[in-house]
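Here are some exercises to work through with the structure open beside you. Try each task before you read its solution.

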2 protein chains.
Amino acid sequence: MIAGSTRATTGETTPVTYCLALLTDTGVVVAADSRTSAGPDYLNTVRKLHRWSLADRHMVIATAGNLATTQETNAELDRAIADAGRESLATVGDLWQAATHVGQVLRATIDRHRMALEADGVAGEASLIVAGRIGDGDPGALLVYPQGNAISATPETPFLQIGESKYGKPMLDRLASTDLGLDEAALLALVSLDATIRSNATVGPPLCIVTLPRAPGEPAEVVLDEGDPQLIAVRRAWESGIASAFAALPAVVI
Amino acid sequence: MIAGSTRATTGETTPVTYCLALLTDTGVVVAADSRTSAGPDYLNTVRKLHRWSLADRHMVIATAGNLATTQETNAELDRAIADAGRESLATVGDLWQAATHVGQVLRATIDRHRMALEADGVAGEASLIVAGRIGDGDPGALLVYPQGNAISATPETPFLQIGESKYGKPMLDRLASTDLGLDEAALLALVSLDATIRSNATVGPPLCIVTLPRAPGEPAEVVLDEGDPQLIAVRRAWESGIASAFAALPAVVI
């Protein structure tokens, strides 16, 4: 646990935050919680989804890990966009180039502080999900590791997770498919996030969900706070459905 | 990852195995998978549930962690039982004393090998669940940590988990209750185990489930291998129920 006096320079400890992306035939969903923490006595709310709409493209980045690292990375991505002479999210030709660019900025940020953080035994690592659509290209999503390399969501495994990913994985394993409609994928992201919130105090609302359909569709976003009637309605329906599914199980002879 | 040449002396790496216990008003359920591993190229099947029926008592221990540690611990528990002059699972007066006894044996086993294992960078730790019923006492379950101390399942949190516990926790958080019948608790343990198997290759069948009812009921056990018709039937019903619950969720406006 990080001592109080170092919080301002070290950002959050791990594992906190849960972000995911779902790839479907009709678009991409990116979703995240909003909990940040430097220990259980220092929980705050920070937005983990960052969006850019630039000329012919829409980009969404979800962040998990050291908060100082992810905020500095975002600031550098913004600076690159503002400087017309540099490679940036505004100039990359496809989503893999976007992930590579983001990975370079992320790794440079981590390296900049590595020695100071390691001297105090603090991890500066962060992982990102980079999703987007460039021109008329297909929407897609990639997971960028702290080392700057990346993997893409694929039709066989159409989801990516960063942060506290285990609690929310069983329902993705059972229900995620590129056949889902974009609204269904958003609901599945919500179910996966809500399972994580229920089981782990370091992940919490508001929940942000962004949908990015194929061109020419526009991205859309919803932010669900703890008391949001839509979140409560989904929760109640899911709990009731789970209870019914459990009650309908055949008995095992023991 | 442990090199091949050291496997025989170091037991398994972590995290593998998933064991849990559920406390209900009518008894206790203990369940475990049977996967052991010293790396993904060395997966084996080992029973994780160990049972003793001794005069006025039934004891069940579930083990997760370094396999050499857990097997040596069990051997020492057996030696203590065989020696009428020593404290053992046969002599302890209640379940807390049982957990304390097991914890002392576990910690002594870990300490015996600590220097040699640490010299090779290997963790010798293990965690155990100790469940049982002594005389006409209530059935109960405790989690014994590698340091030898323990916590008990309680009515508010009527489940204990060791090993790879995150994937199987969301359904316990939603459904576990002391109001469950013993057969229902066994089904819930199966659902929790199956979620973990689906999401993590280091946890696998056969699945062992032991039920221990209040006195004068006798303990019972079922072992479900991968192709067991009962396991397949529960899996199919659960997947179908989950799909129905998902399909019935109210739409979220995005």
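**Exercise 1: a sheet in chain B**

Task: Find how strand S6 (residues 57–65) and strand S7 (residues 126–134) of chain B pair, and over how many bridges.

Solution. Step 1: S6 and S7 of chain B pair in the antiparallel sense, over nine bridges. Here strands (E, at least two residues) and helices (H or I, at least four residues) are DSSP runs, numbered from the N terminus, and two strands pair if DSSP finds at least two bridges between them. Keep in mind that this is a predicted model, in which local features need pLDDT of at least 70, side-chain atom pairs count only at pLDDT 80 or more, and totals for chains, interfaces and linings use all residues. Residues are numbered from 1 along each chain as its sequence is written, chains are lettered from A and ligands numbered from 1 in the order in which they are written, and side-chain values use heavy atoms, with hydrogens and water left out.

Step 2: To see one position of this pairing, look at Gly65(B), which stands opposite Ala126(B) in S7(B).

Step 3: Now widen the view to the open sheet of five strands, with the order S5-S6-S7-S8-S9 in chain B and antiparallel pairing. Its edge strands are S5 (49–54) and S9 (150–152) of chain B, each of which pairs on one side only. Neighbouring strands of this sheet are turned by 20° against each other on average, direction ignored; axes are lines fitted to C-alpha atoms, for helices over the stretch in contact, and angles run from 0 to 180 degrees between N-to-C directions.

**Exercise 2: helices across that sheet**

Task: Which strands of chain B does helix H2 (residues 67–82) lie across?

Solution. Step 1: H2 of chain B lies across S5, S6 and S7 of chain B, at about 5° to S5(B). Contact means heavy atoms within 4.5 Å.

Step 2: Compare helix H3 (residues 95–119) of chain B, which lies across S6, S7, S8 (140–144) and S9 of chain B and runs at about 155° to S7(B).

**Exercise 3: a sheet in chain A**

Task: Which strands stand at the edges of the open sheet in chain A, and why does each have a side without a neighbour?

Solution. Step 1: The order of its five strands is S10-S1-S2-S11-S12 in chain A, with antiparallel pairing.

Step 2: S10 (159–163) and S12 of chain A are the edges; each has a single partner strand, so one side of each has no neighbour in the sheet. From one strand to the next, the twist averages 10°.

Step 3: S11(A) and S12(A) form a hairpin with six residues between them. Within it, Cys208(A) has Val223(A) in S12(A) as its bridge partner.

**Exercise 4: where the chains meet**

Task: How many residues does the contact take from chain B and from chain A?

Solution. Step 1: The contact takes 43 residues from chain B and 43 residues from chain A.

Step 2: The two chains bury about 4000 Å² between them, 71% of it on carbon and sulfur atoms. Buried area is the accessible area (1.4 Å probe) that two parts lose on being put together, summed over both. In chain B, Arg174(B), Phe246(B) and Ile254(B) lose the most area to chain A, together 21% of what that side buries.

Step 3: Count six salt bridges between chain B and chain A, each a side-chain nitrogen of Lys or Arg within 4 Å of a carboxyl oxygen of Asp or Glu. One salt bridge joins Arg174(A) and Asp194(B), at 3.7 Å from N to O.
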